[in-house]
Amino acid sequence: VRSLLLKEERIFAKFSSLLSVQEAAAAVRMADVEDPEEQASPQASRSRGETRRLLRHLQAVKGRREDNSKDQEWKVSGCLMATDCYVVFATLLWLVPKTVLLTLPLFAFALPACLMARLYGCCLKAGQERVTGRCRLTVLVTPAAVPFVFLACVSLLLDYFIYYVLSLPVFVLRCLACQARICGSYGALKPYRGGPWIFWYLTDLWVALVGQVLRHGVLESSLKMAMTLLYVPWLKYFVNCNPLLYNLDERFVQQISTSTQDMKTADVVSTMKRLVNRAKDVAEVRTNLDAARFVPHYPYPPPSRDFALGLQAGGNAFYTSFLATHTTHVLVPESSRPRTSDYFVLSNSCEIPVWRVVLWYNNPFHFFTGYVEAGISNGKPSQPDKHLGIEHPMWLVTARSPLLSDRNSNVGPGFVDRFFDEWFPDFVTLLRIILRGPEAAVELHQQVHSEDGISRPKPIIDKTGGKKKKKIVHGRVVVDDDENLNNNKKKKDQQERKK
């Protein structure tokens with residue numbers, strides 16, 4: 001009897017544990033049903049081009065209830081300095097001969113495609129929101145771009161080969177020293193794998209190329225295309241996101257512009273979409289965009305889906321490139337109304353979402369891997385003084401090395417955090433020029449102290465008082481000192497006297 005009672009207790013324990021497992025599974029299913037993105041149909045997920053694995057990861061991140069109005073605290077590992085030095089040495093060892101050999105061929109092969117895009121753009125009317133005739137554009141540009149696409153594939157294969165040649169020996173040494181955390185690194189990359197293959201959406205790239213050529217011209221756009229293939233894949237896989245050299249983790253950085261409360265929020269959103277989404281704007285706006293350091297162009301997607309490939313232009317005419325992005329449009333085209341009422345937004349400081357950008361690991365033409373949103377912020381809880389500013393939260397896969405974490409570096413999330421702190425004032429100035437005029441844009445121009453954590457606004461400089469004066473040059477506010485102005489006048493006077 002005693003043995004039978006013991007068996008019954010064991011069976012009851014197993015049965016109760018089974019009940020707890022079933023209850024837990026039911027709770028998980030209920031939680032999945034409450035998730036708006038998981039509740040969406042597979043067709044809706046395909047229309048956004050996002051995988052369920054990514055959405056589950058984003059839901060887990062949102063469940064942490066972190067403060068998204070400031071940067072994540074990020075500890076830098078000083079013992080990775082030696083690895084950083086090796087990365088810089090290997091990068092120079094490969095990119096210098098690659099630049100010498102492939103710059104002119106890539107520029108020459110990119111030129112016909114940019115010329116065809118320019119010719120197609122000339123047929124568009126000023127102020128036209130989207131490119132019409134996508135099939136005609138594909139037939140026109142694709143034959144001209146065949147040599148460039150072929151050379152792009154060759155360049156990518158070379159980058160992949162050299163990547164393993166220069167990374168595997170260091171990975172073996174790290175394994176022998178018990179420093180490699182390869183499972184954790186690939187776990188950080190796992191949500192961003194399996195995205196849409198970029199070569200299946202060449203028409204999206206040609207549509208975005210038309211808008212960028214109209215903003216920057218044929219020669220500069222050709223140079224950007226060449227520099228994209230020369231540097232961007234290597235910076236992505238070998239430098240910024242290399243699981244063989246670094247232990248990777250996900251880092252959150254947030255950039256919020258100064259407040260735009262002096263303008264109507266609906267007008268700010270519509271003007272943002274005009275500057276970023278519109279295919280062909282008036283000549284004055286295109287000139288101001290051409291002078292900017294960063295020009296994103298996210299064309300409207302076709303009616304069958306919510307996402308499209310876009311192109312970001314960074315730098316200037318001498319050191320510059322295009323960056324391809326997978327962009328989901330939250331709002332209805334030519335409207336401020338969201339596509340669905342339960343649209344998933346990851347940032348808990350977002351007031352009005354506008355775009356979300358997925359930087360897939362299998363997209364070699366953007367040097368970051370992660371998830372990005374853009375919209376209007378409420379600044380809560382850490383930056384209420386930036387209420388109704390433009391926010392740009394970024395969840396990026398990176399390492400804790402000084403090269404990738406320092407704000408004064410030229411790569412990594414620290415660099416991009418500082419870059420957007422410097423670029424946002426110029427973008428807000430463009431918005432004010434369009435909505436309120438140049439005088440208000442000069443008077444309210446405000447910059448920030450770019451720092452880790454929270455970038456506080458600087459005091460507004462009076463355009464008439466003090467030793468500094470402000471003026472607009474190609475859509476940007478330039479601050480001049482009286483001393484510099486006097487020195488320039490003296491130099492001009494001396495030159496005239498010499499003549």
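Modeller: Begin with arginine 418, which is buried, with a relative accessible area of 18%. Keep in mind that this is a predicted model.

Colleague: Which side chain meets arginine 418 in a salt bridge?

Modeller: The general idea is that side chains of opposite charge can pair when their charged atoms come close. Here the partner of arginine 418 is glutamate 422, at 3.6 Å from N to O. Both residues lie in helix α13, four residues apart, which is about one turn of the helix.

Colleague: Is glutamate 422 buried or partly exposed?

Modeller: Glutamate 422 is partly exposed, with a relative accessible area of 35%.

Colleague: How many salt bridges does the count come to?

Modeller: The count comes to 19 salt bridges. One of them joins arginine 134 and aspartate 204, with 2.4 Å between N and O. That pair links distant parts of the chain: arginine 134 is in helix α6 (residues 134-176) and aspartate 204 in helix α8 (residues 202-216), 70 residues apart.

Colleague: How do I read the accessibility of those two?

Modeller: Take each residue separately. Arginine 134 counts as partly exposed, at 22% relative accessibility. Aspartate 204 is buried, and its relative accessible area is 2%.

Colleague: Where do the residues of the pair arginine 436 and aspartate 262 lie?

Modeller: Both are in loops: arginine 436 in the one between α13 (412-435) and α14 (438-443), aspartate 262 in the one between β1 (249-253) and α10 (265-277). They are 174 residues apart in the chain, yet their closest N and O atoms are 3.0 Å apart, forming a salt bridge. Arginine 436 is partly exposed at 42% relative accessible area, and aspartate 262 is also partly exposed, at 30%.

Colleague: Which residues are linked in a network of salt bridges?

Modeller: Glu129, Arg274, Arg278 and Asp281 are linked in such a network.

Colleague: What does the side chain of aspartate 71 reach?

Modeller: It reaches the backbone nitrogen of glutamine 254 at 2.6 Å. Aspartate 71 itself lies in the loop between α4 (52-63) and α5 (81-122). Leaving aside neighbours within four places in sequence, its contacts include Phe252, Val253, Arg407, Asp417 and Glu451.

Colleague: How many disulfides does the structure hold?

Modeller: The structure holds zero disulfides. For cysteine 122, the nearest cysteine sulfur is that of cysteine 123, 6.8 Å away. Cysteine 122 counts as partly exposed, at 49% relative accessibility, while cysteine 135 is exposed, with a relative accessible area of 64%.

Colleague: How do I place these details in the whole protein?

Modeller: The protein has 15 helices and 10 strands, and buried residues make up 51% of its 499 residues. Among contacts between residues at least 6 apart in sequence, 74% join residues at least 24 apart. The accessible surface comes to about 24,200 Å², and 61% of that belongs to carbon and sulfur atoms.

Key
Residues numbered from 1 in each chain as written. Predicted model: local features only at pLDDT ≥ 70, side-chain atom pairs only at ≥ 80, totals over all residues. Heavy atoms only, no water. Helix = DSSP H or I, 4+ residues; strand = E, 2+ residues; numbered from the N terminus. Polar contact = N/O pair within 3.5 Å; in protein donor to acceptor, adjacent residues only side chain to side chain. Contact = heavy atoms within 4.5 Å. Buried < 20%, exposed > 50% of the residue type's maximum accessible area, 1.4 Å probe, protein only. Areas by Shrake-Rupley, 256 points an atom, 1.4 Å probe, with all protein chains shown as cover. Disulfide = S-S within 2.5 Å. Salt bridge = Lys/Arg side-chain N within 4 Å of Asp/Glu carboxyl O.
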